[in-house]
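Please open the model in your viewer and keep the selection panel at hand. The stops below are meant to be followed in order.

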Amino acid sequence: MRVSVSPHPLFFIIDYNNSKAKGEAMDKVYLERYESLGYARYICTSCYHCISKMGVSYCSINMRGCCSYFPKFELIDIHRMVKSAEGLQVLKRIIDNPGTVVYNYYIHAKGYFDKDGYEEYLKNAPEEDDIRDKTIFFRACPFVKSGYGCTLPPVYRNYVCNFFICDEVINNVDDEEVKNQYIRERSRFVRWAEWENMSLESILAEHHLNLRDDFEGSIKLLQEIPLDIFEFPQLKELNVINIGEKDA
Ligand code: SF4
Ligand code: SF4
């Protein structure tokens, strides 16, 4: 049976150390492609100095942007990882994370959650707020480093991580038509990725394999399956304008 993995509402990238962002007057959103792997990410330089509500952290891990998310690595992500020694190392890091749970056809890497801090906060939390799930203020992905950002190479992050851009940014760009292209291409990739995940799952199932019961056997089979390449079109760079200040 296929374990259904819905796309997470978050689709973000964060890499504070990318010096491209530093010193630029106007923030940008642009596409970075990894053509040999048929993968890509949206880079948003606003993330280096995130002032979004989603980026607020009341836990011990500061400046983590919206990396409060606990990532799921689906077969399509694992497939990319098993094709290189570097990818296999990343997969080992994910498996070795103490909060990681291996399911039949995906891996969920759970991270830090300050439960006590969250329960204390709820006692006086503001009633009117556009963030429904306030646990995000008290959570952090296991792979985010305080004040640094993601420690996983971008090609091995999942598509949620690589394509999310918060509303505060995406609703404040200078070209509606190009913005819609970004949204369309993201949706096209997600549909393709879901199809790929189903295909990989069917192949594993045909061989009576799944990650939970036979991890090594599943990895070996995935290594034998050629990567399908998704082609991203070139997308014009967007300028980010008018993001309001807020208390963080
Ligand atoms: S996508 Fe938005 S919330 Fe996430 S790090 Fe970037 S600016 Fe912050
Ligand atoms: S894997 Fe990286 S980009 Fe994704 S949530 Fe974790 S730290 Fe952020």
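The tour goes from the whole chain to the ligands, then to a sheet and finally to a single residue.

Before selecting anything, note that this is a predicted model, in which local features need pLDDT of at least 70 and side-chain atom pairs count only at pLDDT 80 or more, while totals for chains, interfaces and linings use all residues. Residues are numbered from 1 along each chain as its sequence is written, and chains are lettered from A and ligands numbered from 1 in the order in which they are written.

**Whole protein.** Of the 248 residues, 33% are buried, a residue being buried if 20 or more other C-beta atoms, placed from the backbone, lie within 10 Å of its own, exposed if 12 or fewer do, and partly exposed in between. Among contacts between residues at least 6 apart in sequence, 78% join residues at least 24 apart, where contact means C-beta atoms, placed from the backbone, within 7 Å.

**Ligand 1.** Select ligand 1 and its shell of 15 residues, of which C47, C50, G65, C66 and C166 are the closest; a residue counts here if its C-beta atom, placed from the backbone, lies within 6 Å of the molecule. The shell comprises ten nonpolar, four polar and one charged residues, with Ala, Val, Leu, Ile, Met, Phe, Trp, Tyr, Cys and Pro taken as nonpolar, Asp, Glu, Lys and Arg as charged, and the others, Gly among them, as polar.

**Ligand 2.** Moving to ligand 2, you will find eleven surrounding residues, the closest being C67, C141, V144, C150 and C161. This shell has ten nonpolar residues, one charged and no polar ones.

**The three-stranded sheet.** Next select the open sheet with the order β3-β5-β4, whose pairing is antiparallel; strands pair if DSSP finds at least two bridges between them. Because β3 (72-74) and β4 (100-102) are at the edges with a single partner strand each, one side of each has no neighbour in the sheet. Three bridges join β4 to β5 (residues 106-109), and T100 can be found opposite A109 in β5.

**G87.** Finish in helix α2 (residues 85-96), which contains G87. Is G87 buried or partly exposed? With 19 other C-beta atoms within 10 Å, G87 is partly exposed. Leaving aside residues up to four places away in sequence, G87 touches R80, M81, V82 and Y156.

How values were computed. Helix = DSSP H or I, 4+ residues; strand = E, 2+ residues; numbered from the N terminus. Contact = placed C-beta atoms within 7 Å.
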